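Please look over the model shown here before reading on. The questions that follow take up confidence, sheet, surface and charged pairs in turn.

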Amino acid sequence: MADTGNHAIRRIDPITAEVTTVAGRQDAQGRPLAGNADGPGQVASFSSPTGITLWHDCASSVCNVVVVVADTYNHVIREIRGADTVSATAGGVDLAAVVVRTVAGGGSHLPPNSEKQGLRDGSALEARFDTPHGVVADS
């Protein structure tokens, strides 16, 4: 789920009802931090993510779940891989396997009307969005 106000992506286990933050940063006191950083889930940061969808990447012999996120105030679309990897010891999501990367949009944490947001078609990372809210996967 996109936890907009906490700038995080979270998972609710349908069996145990346990909630886990899959991606998004917190400060030393556990307060959410907005930002725009790709990388491992606990290092990556978002700015008010709103839309989320899942698709299955079956390019290899194993299908993997990919979480696609509209990172609203960063004006980008991000993907999260590894959120379906289960830790044998912890029994939940293996947070060390989670990786976030920007897949579309050239956004950054800039004010409105900046060069990084807007309406521009082109290759995925050259395209521009303005506060995207929803994403849909079409496999």
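A surface patch of the nonpolar kind is made of residues with over 30% relative accessible area and no salt bridge, whose side chains are joined within 5 Å. The model discussed here is a predicted one.

Q: What is the mean pLDDT of the chain?
A: pLDDT is the predictor's confidence in each residue, on a scale from 0 to 100. In this predicted chain, 86% of the residues reach 70 or more, and among the elements strand β7 (residues 49-57) has the lowest mean value, 89, while β1 has the highest, 96. For the chain, the mean pLDDT is 85.

Q: Which residues form a nonpolar patch on the surface with V19?
A: V19 is placed in strand β3, which covers residues 19-23, and it counts as partly exposed because its relative accessibility is 39%. The patch that includes V19 has about 260 Å² of accessible area together.

Q: Which strands stand at the edges of the open sheet, each with a single partner strand?
A: The sheet is formed by three strands in the order β1-β2-β3, with antiparallel pairing. An edge strand has a single partner, so one side of it is left without a neighbour in the sheet. The strands in that position are β1 and β3.

Q: Which residue is the bridge partner of A2 in β2?
A: Strand β2 spans residues 8-12, and β1 pairs with it in the antiparallel sense over two bridges. In β2, the residue that partners A2 is I9.

Q: Is R78 buried or exposed?
A: The side chain of R78 meets that of D38 in a salt bridge, with 2.9 Å from N to O. This pair links distant parts of the chain, 40 residues apart, since R78 lies in strand β9 (residues 76-81) and D38 in the loop between β5 and β6. D38 counts as partly exposed because its relative accessibility is 37%, whereas R78, because its relative accessible area is 0%, is buried.

Q: Which residues are linked with E79 in a network of salt bridges?
A: E79 forms a salt bridge with R101, the closest N and O atoms being 2.8 Å apart. R101 lies in strand β10 and E79 in strand β9, so the pair ties together parts that are 22 residues apart in sequence. E79 is buried because its relative accessible area is 6%, while R101 counts as partly exposed because its relative accessibility is 44%. The residues linked with E79 in the network are D57, R81 and R101.

Note on methods
Residues numbered from 1 in each chain as written. Predicted model: local features only at pLDDT ≥ 70, side-chain atom pairs only at ≥ 80, totals over all residues. Heavy atoms only, no water. Patch = residues over 30% accessible without salt bridge, like charges linked within 9 Å, V, L, I, M, F, W, Y side chains within 5 Å. Areas by Shrake-Rupley, 256 points an atom, 1.4 Å probe, with all protein chains shown as cover. Salt bridge = Lys/Arg side-chain N within 4 Å of Asp/Glu carboxyl O. Helix = DSSP H or I, 4+ residues; strand = E, 2+ residues; numbered from the N terminus. Buried < 20%, exposed > 50% of the residue type's maximum accessible area, 1.4 Å probe, protein only. Pairing = 2+ DSSP bridges.
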